[in-house]
Amino acid sequence: MRRIDQLLSNLGYCSRREARSWVDEELVTVGGKLAGDASDRVDPAMVQVEGKPLDHPDGLLLLFHKPLGRVCSHDGREGPSVYELLPDRWRRRNPPITSVGRLDKDTTGLLLLTDQSDLVHRLTSPKHKVPKTYVATLDRDALPEEGEALRALFASGTFLLTGEKDPCAPAQLAWRDPRTAELVLTEGRYHQVRRMFAEKGLLVTTLHRERFGDLVLGDLAPGTWRPLPLDTFDSKSGG
Ligand code: URA
């Protein structure tokens, strides 16, 4: 049960003061009856504003297709963000919508966005080991023996990136063609895919995340999303 004014302001509808006006103006109903006072504690599922149920009152989890050139930061100085693509009301929500881990500005693909901070912590924790599948295009063809050597090195669990003290966790590498690699990581270090290839003399020219756990991006257009049930990760599904 939550106060009406707090609820509407946390869901990005209006300020708490405006919520009081909306109640006075009879725009808000609870269980089909006009709301009495903005301080009343109500079940969010029973509330309607101008005859419409509240927008995701229990929280949001979005499967989002991150387009090129957008950052996962809320700091406007870092460039245009993925959040700017979301509806204004969602951008005013509190707790705010954040990404589950980050993708680089130049990386595209599957990004989870949510206002559930426990989920962010759970899915980004090194303990959780969600497998994430990336497709990398390289600046040149890998030679056959080079491709096999990289596969073995990445799988070994002994590959140390420059400047790091712990080796990368075993990662599965498969070649779609000599210039296109599919890499499954269970961790998420800074620029990890690009750095793993760069250490071995291959530059990643495009990077795209296709899967996150059991979730697949499919044919979702860049810059669009689809809401997922909040309990998506409660069972084994999704990693
Ligand atoms: N590895 C990278 O190098 N960049 C990403 O965005 C994700 C993984």
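Q: How many Å separate an oxygen atom of the ligand from a polar backbone atom of His 191?
A: This is a predicted model, in which local features need pLDDT of at least 70, side-chain atom pairs count only at pLDDT 80 or more, and totals for chains, interfaces and linings use all residues. Residues are numbered from 1 along each chain as its sequence is written, and side-chain values use heavy atoms, with hydrogens and water left out. A polar contact is a pair of N or O atoms within 3.5 Å; within protein, one must be able to donate a hydrogen and the other to accept it, and residues adjacent in sequence count only if both atoms are side-chain atoms. For the ligand oxygen and the backbone atom of His 191, the distance is 3.2 Å.

Q: Which residue has a polar backbone atom 3.0 Å from a nitrogen atom of the ligand?
A: A backbone N or O atom of Gln 192 lies 3.4 Å from the ligand, but the ligand atom there is an oxygen. The residue facing the ligand nitrogen at 3.0 Å is Val 193.

Q: Where is Pro 95 found?
A: The peptide bond from Asn 94 to Pro 95 is cis, with omega near 5 degrees. Most peptide bonds are trans. Helices (H or I, at least four residues) and strands (E, at least two) are DSSP runs, numbered from the N terminus. Pro 95 lies in the loop between α3 (88-91) and β8 (98-99).

Q: What is the phi of Glu 26?
A: Glu 26 is in the loop between α2 (16-24) and β2 (28-30). Although Glu 26 is not a glycine, its phi is positive, at about 65 degrees.
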